[in-house]
Amino acid sequence: MLARRGAGLGAALQRIKGLIDYCYYEPPEVKDQLGYRPDAYIAAVSKRRLASYGPQIRAGEAAVLAPGPGGPDARARPDAGRDRP
């Protein structure tokens with residue numbers, strides 16, 4: 001019983017520590033001091049993914065945004081015709 005209790009306390013303390021870390025590192029001033037500037041990386045990855053998966057992304061968006069009473073048309077899905085588990 002004590003072992004379970006200790007594990008719960010440890011997990012709770014880890015979560016509290018994570019919250020404190022997040023609160024400290026999130027302000028823009030701290031990010032600037034650390035040199036954390038992810039915008040260029042995020043833009044490069046977005047461009048690369050769009051180049052690789054652009055047609056699938058557009059097909060998925062069209063399927064989600066397609067009008068219809070029962071939701072998007074199943075034939076518009078990028079995975080239409082494939083067996084799914």
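Begin by selecting Val30, which is found in helix 2, the element spanning residues 28-34. In this predicted model, Val30 has a relative accessible area of 10%, and since buried means under 20%, the residue is therefore classed as buried. Show the surroundings of Val30 next: once its neighbours within four places in sequence are left aside, Val30 is in contact with Tyr24 and Tyr25.

Keep those two tyrosines selected and display their rings. How many aromatic pairs does the count come to? The count comes to one, and that pair is formed by Tyr24 and Tyr25, whose rings are arranged edge-to-face, with 4.8 Å from centre to centre and 85° between the planes. Tyr24 is partly exposed, at a relative accessible area of 46%, and Tyr25 is likewise partly exposed, at 43%, whereas Val30, which contacts both of them, is buried.

Now zoom out to the whole chain before returning to side chains. Buried residues make up 5% of the 85 residues in the chain. Among the helices, confidence is lowest in helix 1 (residues 2-25), with a mean of 81, and highest in helix 3 (residues 39-65), with a mean of 92. Where pLDDT is low, the predicted coordinates should not be read in detail.

Are the two partners buried, partly exposed or exposed? Lys17, at 51% relative accessibility, counts as exposed, while Asp21, with a relative accessible area of 29%, is partly exposed.

The count of salt bridges comes to two, and the other one to display joins the side chains of Glu26 and Lys31, at 3.3 Å from N to O. Glu26 is partly exposed, with a relative accessible area of 34%, and Lys31 also counts as partly exposed, at 22% relative accessibility.

What separates its end C-alpha atoms, and what would a straight helix reach? Although helix 3 has 27 residues, its end C-alpha atoms are only 28 Å apart, short of the 39 Å that a straight helix would reach at 1.5 Å a residue. Move along the helix to Tyr53, where a kink of about 80° lies shortly before the proline Pro55. Finally, select the buried residues of helix 3, which are Val45, Gly54 and Ala63.

How values were computed: Residues are numbered from 1 along each chain as its sequence is written. This is a predicted model: local features need pLDDT of at least 70, side-chain atom pairs count only at pLDDT 80 or more; totals for chains, interfaces and linings use all residues. Side-chain values use heavy atoms; hydrogens and water are left out. pLDDT is the predictor's confidence in each residue, from 0 to 100. Helices (H or I, at least four residues) and strands (E, at least two) are DSSP runs, numbered from the N terminus. The expected span of a helix is 1.5 Å times one less than its number of residues. The bend at a residue is the angle between axes fitted to the seven residues ending there and the seven starting there. Buried means under 20% relative accessible area, exposed over 50%, partly exposed in between (1.4 Å probe, protein chains only). A salt bridge is a side-chain nitrogen of Lys or Arg within 4 Å of a carboxyl oxygen of Asp or Glu. Contact means heavy atoms within 4.5 Å. Rings of Phe, Tyr and Trp (its six-membered ring) pair if their centres lie within 6.5 Å; planes under 30 degrees apart count as stacked, over 60 as edge-to-face and the rest as tilted.
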